[in-house]
Amino acid sequence: MENLNFISLLLLSLIAISHASLSDNAYLSLGKSNFPSVQAEKLIRELNLFPNSEVNVIDGGDDGVSFIDQAGYNKRIVERKFRFPNVVGDEEESFTVDDLGNHAGYYKIENSHDARMFYFFFESRTSKKDPVVIWLTGGPGCSSELAMFYENGPYTIANNLSLVRNKYGWDKVSNLLYVDQPTGTGYSYSTDRRDIRHNEEGVSNDLYDFLQAFFKEHPELAKNDFYITGESYAGHYIPAFAARVHRGNKAKEGIHINLKGFAIGNGLTDPAIQYKAYTDYALDMGIIKQAEHDRISKIVPVCEMAIKLCGTDGTVSCMASYLVCSTIFNSIISVAGNINYYDIRKNCEGSLCYDFSNMEKFLGQKSVKEALGVGDIDFVSCSPTVYQAMLMDWMRNLEVGIPALLEDGIKLLVYAGEYDLICNWLGNSRWVHAMEWPGQKAFVASPEVPFEVSGSEAGVLKSYGPLAFLKVHDAGHMVPMDQPEASLEMLKRWTRGTLSEATEEPQQLVAEI
Ligand SMILES: *[C@@H]1O[C@H](CO)[C@@H](O)[C@H](O)[C@H]1NC(C)=O
């Protein structure tokens, strides 16, 4: 069996190369740049991140236990309320730590060898009854603090490393959780390498255990509505996690979790459809020309075949499909030059597409670590080890579990900033439309309506029943960073069930009159 897989890998690679070299070898080569270690490295450097270690696995060596004892890691580190140092603004100081409602901590993951998952929890600034919303950043292997500080968290980081309140933080309408996962990412760690995850089964089980621990500590929040959100590679995590929660609820496994919906922002969910869409999106947006489109598109059938093989056996052929399909994306990038593939309106300066280095600087400070209670644990902003460990998962189709959730009335919102290439709106729109569920026909036939925020069109919305698709204007991969007000409105209306109403919330109209 292993041999067969290896042969299929070779075969696919050869086919891809021969397709490519039919015309122009320079644009299409299954070269070094497709390799996972190179890709992981690139991802991290482009964000100007320099994690000190590749993964948070704390090795005790021969004397593991005493090392752990000495450092105090084996004690159950419980949640604590905290206050960030250096927050700008008088109001901040007038609050007690209790009033602030900022929590950070670790939960030991029940069904793991020794994994401890780190999280931030911010109580809603409006009401304890607001829904509980969990955010997951992608990568795979990037910390959710990226979104917390640069997208939708309660604070943003100023250049002098003080924190400034975010007017559009999602904590305005929700009790907001950020989790560092899979284990090894951010401040989350284990003393046992076997806790590194390789697929969505492992990821979703850990997240389920995390939630159980969270609601055990906050039983008063367990009756609130619960929503799963996130971005990018979380397009894999989110459907798997939602299905896991739903399964746990049905089996009465633990504390019932009041799952109402899940939202995927510029995600990777159905790779076969989304990789095929790359060349079409790039052509539509003028990044590549017709001749380049046609040439690069020759790889598509090979990529589709590879993904199909991955779907049925799920081992070496998944690696093969990653290598083959990456050729499509990398070929577009080599034509497009130093384009920022998270936002095609922008260029990457040198190798730098975004500069998120302040996050590492901020979280590396002694005073911050003390406030959070993370001890000596390093902050691993993005982990190349976690990234590479998930490669077999990359080309898996996570759309397949969604129809069952929709049928049970759990809402799905797929949204996408229109200028993102890597998880572009076109590929997302296509899989959402192609998804077979009882409401498919009605969804496809539904009109597109403007999504208006503060009197102007912030996006285009299509929805039917529990399913909604929103294309967000003037935004790249990170919608809440580019369109903070619109993204907060989106979350608010979606969780309140008013997303598809033609007009804005009545109270706002009244205020305007
Ligand atoms: C740091 O930057 C913030 C935001 O620009 C500003 O309000 C604050 O006064 C600055 N703090 C210091 C100590 O310079």
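1. Basis. The structure is a predicted model in which local features need pLDDT of at least 70, side-chain atom pairs count only at pLDDT 80 or more, and totals for chains, interfaces and linings use all residues. Residues are numbered from 1 along each chain as its sequence is written. Helices (H or I, at least four residues) and strands (E, at least two) are DSSP runs, numbered from the N terminus.

2. The sheet. An open sheet of 11 strands runs in the order S1-S2-S3-S7-S4-S8-S9-S10-S13-S12-S11, and its pairing is mixed. Two strands pair if DSSP finds at least two bridges between them. Strand S1 (80–81) and strand S11 (449–453) stand at the edges with a single partner strand each, so one side of each has no neighbour in the sheet. Strand S2 (residues 102–108) pairs with strand S3 (residues 116–122) in the antiparallel sense over 7 bridges, and Asn102 stands opposite Phe122 in S3.

3. Helices on the sheet. Helix H6 (residues 145–152) packs on the sheet and touches S3, S4, S7 and S8; contact between two residues requires C-beta atoms, placed from the backbone, that lie within 7 Å. The direction of H6 makes about 135 degrees with that of S7. Helix H17 (residues 425–434) also packs on the sheet, where S9, strand S10 (411–417) and strand S13 (467–472) are touched. The direction of H17 makes about 155 degrees with that of S10. Axes are lines fitted to C-alpha atoms, for helices over the stretch in contact, and angles run from 0 to 180 degrees between N-to-C directions.

4. Strand S4. In S4 (residues 132–136), 5 of its 5 residues are buried, meaning that 20 or more other C-beta atoms lie within 10 Å of the residue's own (12 or fewer: exposed; in between: partly exposed). Val132, Ile134 and Leu136 point one way, whereas Val133 and Trp135 point the other way. In a regular strand the side chains alternate between the two faces of the sheet. S4 pairs in the parallel sense with strand S7 (residues 175–179) over 4 bridges and with strand S8 (residues 226–232) over 5 bridges. Leu177 in S7 is the bridge partner of Ile134, and Gly230 in S8 that of Leu136.

5. Helices H9 and H12. H9 (residues 271–284) and H12 (residues 316–336) pack at about 20 degrees, with axes 10 Å apart. The two helices are therefore roughly parallel, the term for angles under 35 degrees (over 145: roughly antiparallel; 65 to 115: roughly perpendicular; the rest: oblique). Pro271, Tyr275, Tyr278, Thr279 and Ala282 in H9 meet Cys325, Ile328, Phe329 and Ile332 in H12. By class, this contact has 8 nonpolar, 1 polar and no charged residues. Ala, Val, Leu, Ile, Met, Phe, Trp, Tyr, Cys and Pro count as nonpolar, Asp, Glu, Lys and Arg as charged, and the others, Gly among them, as polar.

6. Helices H7 and H8. The axes of H7 (residues 200–217) and H8 come within 9 Å and cross at roughly 55 degrees, which makes H7 oblique to H8. The residues of their contact divide into 8 nonpolar, 4 polar and 2 charged.

7. Asn258. This residue lies in the loop between helix H8 (234–250) and strand S9 (259–267). Asn258 is partly exposed, with 17 other C-beta atoms within 10 Å. Not counting residues up to four places away in sequence, Asn258 touches Lys223, Asn224, Asp225 and Phe226.
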